[in-house]
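Hi,

Here is the structure I promised to pass on. Have a look at it first, and then read my notes below.

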Amino acid sequence: MRPLQRLHFLLATKNRGKVREIRSALSGFNIEFESLPRPDDLPQPREEGSTFAENARLKAKHYYRLTGIATLAEDSGLLVDALGGEPGVRSARFAPTDKERIEKLLKMLDSIPGEVQRSARFVSALCLFQPDGVIEVSAEVHGQIARKPRGGHGFGYDPVFYYPPRRKTFAEMSTREKNQVSHRARALKKLRRCLKVES
Ligand code: IMP
């Protein structure tokens with residue numbers, strides 16, 4: 001059942017790829033988003049948690065306290081089995097740019113002797129911090145690290161995240177297709193259920 005009132009959240013991320021996917025996954029539901037004010041206007045949250053869930057909560061709480069607006073934050077990353085779960089919560093800080101992060105990841109896998117298992121997963125943790133309580137959900141998607149980047153869509157590690165059921169990397173998928181299978185879309189689906197805006 002849809003709530004009578006339209007829900008209004010602050011979307012606490014500056015990552016354009018995430019914003020595009022979150023807006024697309026929640027379009028058609030009774031939710032309206034506000035973007036973060038201009039970059040310099042508010043102090044940055046400290047992302048010093050040891051889990052995605054902790055970081056999502058830190059970000060959501062930070063912006064909720066500053067703005068008084070119910071805030072949705074997301075923390076996500078890539079965990080590669082052969083690297084013991086690296087880059088994990090450090091996914092964004094693994095190297096300075098997306099290109100360098102991908103190069104570093106491929107180099108690390110290539111430097112492991114023998115046939116390397118390239119299994120990996122993306123994890124997305126969402127936190128909605130609002131006056132009447134906090135909602136926390138998370139989800140993941142399993143795939144493999146491709147030998148070289150492929151595709152021009154998406155962001156971050158998408159060009160090397162190969163999703164076997166579709167025989168494509170995430171960067172070879174449109175936003176719509178990625179939103180049918182991704183960690184973020186799965187977490188957003190759980191959030192919609194908690195908010196009772198599921199159609
Ligand atoms: P966050 O903004 O601290 O959550 O950092 C997330 C980082 O993980 C991003 O900078 C990306 O490098 C990576 N990441 C998370 N989700 C995705 C995804 O859907 N595709 C590609 N990279 C992702």
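Let's start with a charge and a ring: the charged end of Lys 104 sits over the ring of Phe 94, 4.3 Å from the ring centre. "Over a ring" is used when NZ of Lys or CZ of Arg is within 6 Å of the ring centre and within 35 degrees of the ring normal.

Before you go on, please keep in mind that this is a predicted model, where local features need pLDDT of at least 70 and side-chain atom pairs count only at pLDDT 80 or more, while totals for chains, interfaces and linings use all residues. Residues are numbered from 1 along each chain as its sequence is written, and side-chain values use heavy atoms, with hydrogens and water left out.

Next, the rings. A search of the whole structure turns up six aromatic pairs. Rings of Phe, Tyr and Trp (its six-membered ring) pair if their centres lie within 6.5 Å; planes under 30 degrees apart are stacked, over 60 edge-to-face, and the rest tilted. One of the pairs is Phe 9 with Phe 33: the centres are 6.1 Å apart and the planes are at 50 degrees, so this pair is tilted. Phe 9 belongs to strand 1 (residues 7-11) and Phe 33 to strand 2 (residues 31-35), so the pair ties together parts 24 residues apart in sequence. Helices (H or I, at least four residues) and strands (E, at least two) are DSSP runs, numbered from the N terminus.

Phe 9 is buried at 2% relative accessibility, and Phe 33 is buried too, at 13%. Buried means under 20% relative accessible area, exposed over 50%, and partly exposed in between (1.4 Å probe, protein chains only). Phe 161 and Phe 170 make another tilted pair, 4.8 Å centre to centre with 55 degrees between the planes, and both of these residues are buried. Ring pairs also join Phe 122, Phe 161, Tyr 163 and Phe 170 into a cluster.

Now for helix 1 (residues 16-26), whose buried residues are Gly 17, Lys 18, Glu 21, Ile 22, Ala 25 and Leu 26. Down the helix axis they fall within an arc of 140 degrees (taken from the directions from the axis to the C-beta atoms), so they line one face of helix 1. Just after helix 1, Gly 28 has a positive phi of about 90 degrees.

Last, the ligand: which residues are closest? Among the 16 residues that surround it (a heavy atom within 4 Å), the closest are Lys 18, Asp 158, Lys 178, His 183 and Arg 184.

Cheers
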